[in-house]
Amino acid sequence: MPASVEGVDVAVVGSGAAGLSAALVASVCCARVLVLEKSTLLGGTSAMSGGGTWIPCNRHAREAGVEDSPEDAMRYLHATAPEGWAQTETALWQSFVEHAPVMLDFFEEHTQLRFELVHEPDPFAEAEGGRIFGRMLTPSLLDRAIAGPYAHLIRGSTLPQHITYNEAKRYRVYERPMRAAFALGPRWLLRMATGRVGCGNALIAGLLEGCTRHGCRIVAGARVTGLSQDAATGRVEGVSYETAAGRREIAVRQGVVLATGGFEWDPELLARHFPGPVDRISSPRTNTGDGQRLAEAAGALLERMDQANIYGALPVTYEGRAHGMPAIFNASPHAIVVDRHGKRFVSEYHFNIGEALDRRDPETGEPVHLPAWIVGDRRFLHQSVLFPRMARREPGFLIQAETLDELALRIDLPPASLGGTVARFNGFAAAGRDEDFQRGESVWERYMSGSEDGGPNKALGTIERRPFVACKFNRSLLGTKGGARTNAKGQVLRPDGSVIPGLYCAGNAMANPFGTRAVGSGTTIGPCLTWGHICGLHAVREGS
Ligand SMILES: Cc1cc2nc3c(=O)[nH]c(=O)nc-3n(C[C@H](O)[C@H](O)[C@H](O)COP(=O)(O)OP(=O)(O)OC[C@H]3O[C@@H](n4cnc5c(N)ncnc54)[C@H](O)[C@@H]3O)c2cc1C
């Protein structure tokens with residue numbers, strides 16, 4: 001590192017949930033902290049998010065009388081993890097379970113962020129240690145203005161941000177937007193006029209306020225391009241970055257935290273780790289895998305590069321370009337999802353349907369089900385007034401036909417196979433039981449279909465009214481989840497298991513111990529915040 005123009009204790013790369021969480025903790029611990037953000041907007045994917053935050057054993061649940069324990073949370077993680085993950089991830093799960101509730105209390109003490117419980121079960125509530133309520137939280141409404149000079153830089157979203165996650169669920173904003181607008185009515189307008197926000201915008205506004213109050217510096221439009229290391233020890237001692245004003249270098253005393261999100265917008269990395277069709281991407285275009293490359297160049301082991309947050313997404317325009325808005329439009333009574341042979345392969349209401357879509361051939365690494373299709377009838381098309389409008393934005397996305405055979409031919413599926421699949425499903429719908437995938441029967445799927453009261457299975461409906469409809473349903477990515485392998489303190493590791501001193505990694509930029517299979521609908525934000533907290537804490541405690 002040539003003579004530095006300035007120096008800090010901790011440099012954080014990226015201003016999403018993971019980065020600002022690390023920055024906040026380090027700032028509260030009196031470190032001199034600098035956050036560098038490549039985009040001219042702050043908050044990354046986290047600002048665009050619904051703000052759903054999965055935190056086991058949290059104080060709000062305890063106060064609501066819900067019993068939870070670290071042991072039960074660990075049992076749940078073990079019971080629901082993909083085969084073989086426990087060997088490498090147990091220490092990280094343990095660290096997450098211990099730190100997550102502490103992180104939450106810390107944020108509520110040191111920022112204006114307040115969290116509220118969401119009435120949502122764990123997606124595997126029946127598994128050992130699962131809960132039907134208490135682990136999902138979301139930020140309450142906040143004035144964006146609390147972020148002071150950064151308020152106008154908070155990234156906008158494809159999702160409405162002037163409501164809370166709870167309101168979006170309660171008023172079914174996607175399915176019944178008019179009714180939701182009517183129910184929220186003047187409140188919504190007032191919030192738009194005054195800049196009162198919920199979801200990811202509230203999360204980022206609260207974190208920015210906390211960071212600035214504790215003296216943290218934040219620079220937008222600053223892309224980190226390199227890490228400098230001590231030649232003998234490999235210790236990371238500085239970062240170089242580019243702004244509109246030119247290239248700069250800065251010395252870092254205690255630690256650099258990489259929190260640059262996923263690599264989903266890098267075409268080469270995406271094609272290498274996610275071969276096959278990808279429909280849409282929902283995160284900011286600045287998430288191009290810079291952190292993964294910086295870590296690798298510093299000697300890090302990269303792992304879990306084939307893991308991602310995968311759901312359905314509808315076509316929208318964002319920042320003037322084609323983008324994906326995450327939506328669970330596959331969970332509709334009068335629709336099924338079929339593979340390239342016209343066969344069902346998963347319950348369409350399954351929370352982790354993305355994992356099923358992404359199933360790979362172990363020999364070739366290629367997806368086995370894709371291209372996949374949603375096939376439904378007229379009632380599927382009108383599941384939401386928004387759906388046909390949004391679907392028609394992308395020419396060729398929505399395909400209609402008067403008969404199932406004609407539809408099959410138009411999407412290149414064998415008509416006999418598709419016809420047989422639909423007839424079998426219609427039989428299940430008439431009988432009220434899906435013998436193949438038990439659609440609508442688990443706690444999560446009953447919650448999704450509004451059948452929690454134990455009445456008839458509302459997830460099942462026939463597919464018989466013309467026009468018949470098909471739309472592409474391949475993977476859409478909210479963010480990849482692979483990157484630098486870390487230990488339980490967030491320190492980045494080399495392939496031989498040794499620590500790269502001074503280098504930490506958090507959020508979607510790390511080899512995430514929670515991969516494609518999500519354990520709660522806030523499985524990324526909760527751990528992102530927590531890993532940021534862990535990294536920030538250890539950087540100031542041990543980095544000097
Ligand atoms: C619409 C939407 C809704 C979602 N809702 C939820 C939800 O409710 N709950 C949930 O758990 N998850 C949700 N997710 C997923 C979740 O938002 C992300 O997984 C999470 O926010 C990732 O956080 P992060 O801090 O790792 O990365 P990000 O928030 O993406 O932040 C990374 C930042 O790093 C910056 N950066 C990249 N390279 C550089 C560089 N070289 N130098 C400086 N900065 C750099 C990027 O510009 C970006 O701002 C949602 C995602 C989307 C798209």
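A residue counts as buried when its relative accessible area is under 20%. In this predicted model, 6 of the 6 residues of strand E21 (residues 475-480) are buried, so E21 is largely enclosed by the rest of the structure.

**The sheet around E21**

E21 belongs to an open sheet of 3 strands, arranged in the order E12-E21-E14, with mixed pairing. Strands E12 and E14 are the edge strands, and each of them pairs on one side only. The neighbouring strands of this sheet are turned by 40° against each other on average, if direction is ignored.

Strand E12 (residues 278-281) pairs with E21 in the parallel sense, over 3 bridges. Within this pair, Ile281 stands opposite Leu477 of E21. On the other hand, strand E14 (residues 308-311) and E21 run antiparallel and are joined by 4 bridges. Here Ile310 stands opposite Leu477 of E21, and Ala308 stands opposite Thr480 of E21.

**Pro367, a buried loop residue**

Where is Pro367 found? Pro367 lies in the loop between helix H11 (353-357) and strand E18 (373-376). Is Pro367 buried or exposed? Its relative accessible area is 6%, and the limit for a buried residue is under 20%, so Pro367 is buried. Leaving aside residues up to four places away in sequence, Pro367 touches Pro275, Gly276, Arg340, Leu357, Arg359, Arg360 and Arg475. Ala61 is 306 residues from Pro367 along the chain, and the C-alpha atoms of the two are separated by 39 Å.

**A second sheet and a hairpin**

Another open sheet has 3 strands in the order E3-E5-E4, with antiparallel pairing. Strand E3 (53-54) and strand E4 (115-117) stand at its edges with a single partner strand each, so one side of each has no neighbour in the sheet. E3 pairs with strand E5 (residues 136-139) in the antiparallel sense over 2 bridges. In that pair, Trp54 stands opposite Met136 of E5.

Strand E15 (residues 313-318) and strand E16 (residues 321-326) also run antiparallel, and 6 bridges join them. The bridge partner of Tyr318 in E16 is Arg321. These two strands form a hairpin with 2 residues between the strands, and Glu319 takes a positive phi near 50° there.

| Strand pair | Direction | Bridges |
|---|---|---|
| E12 and E21 | parallel | 3 bridges |
| E14 and E21 | antiparallel | 4 bridges |
| E3 and E5 | antiparallel | 2 bridges |
| E15 and E16 | antiparallel | 6 bridges |

**Helix H5 and its two partners**

Helix H4 (residues 70-80) and helix H5 (residues 85-110) have axes that come within 10 Å and cross at roughly 150°. H4 is therefore roughly antiparallel to H5, since an angle over 145 degrees counts as such. The crossing of H4 past H5 is right-handed. On the H4 side, the residues that meet H5 are Pro70, Ala73, Met74, Leu77 and His78; on the H5 side they are Ala86, Thr90, Trp93, Gln94 and Val97. By class, this contact has 7 nonpolar, 3 polar and no charged residues.

An α-helix has 3.6 residues a turn, so residues three or four places apart point the same way. The contact residues of H4 include Ala73 and Leu77. In H4, the residues Asp72, Ala73, Met74, Tyr76, Leu77 and Thr80 are buried. The buried residues of H4 pack against E3 as well as H5.

How do H5 and helix H17 (residues 525-542) lie, and at what angle do their axes cross? The axes come within 8 Å and cross at roughly 90°. H5 and H17 are therefore roughly perpendicular to each other. In this contact, Leu92, Ser95, Phe96, His99, Ala100, Val102, Met103, Phe106 and Phe107 of H5 meet Gly526, Pro527, Leu529, Thr530, Trp531, His533, Ile534 and Leu537 of H17. The residues fall into 12 nonpolar, 5 polar and no charged.

Notes:
Residues numbered from 1 in each chain as written. Predicted model: local features only at pLDDT ≥ 70, side-chain atom pairs only at ≥ 80, totals over all residues. Heavy atoms only, no water. Axes fitted to C-alpha atoms, helices over the stretch in contact; angles between N-to-C directions. Parallel < 35°, antiparallel > 145°, perpendicular 65-115°, else oblique. Left-handed = near helix turned anticlockwise from the far one by under 90°. Contact = heavy atoms within 4.5 Å. Nonpolar A, V, L, I, M, F, W, Y, C, P; charged D, E, K, R; others polar. Pairing = 2+ DSSP bridges. Buried < 20%, exposed > 50% of the residue type's maximum accessible area, 1.4 Å probe, protein only.
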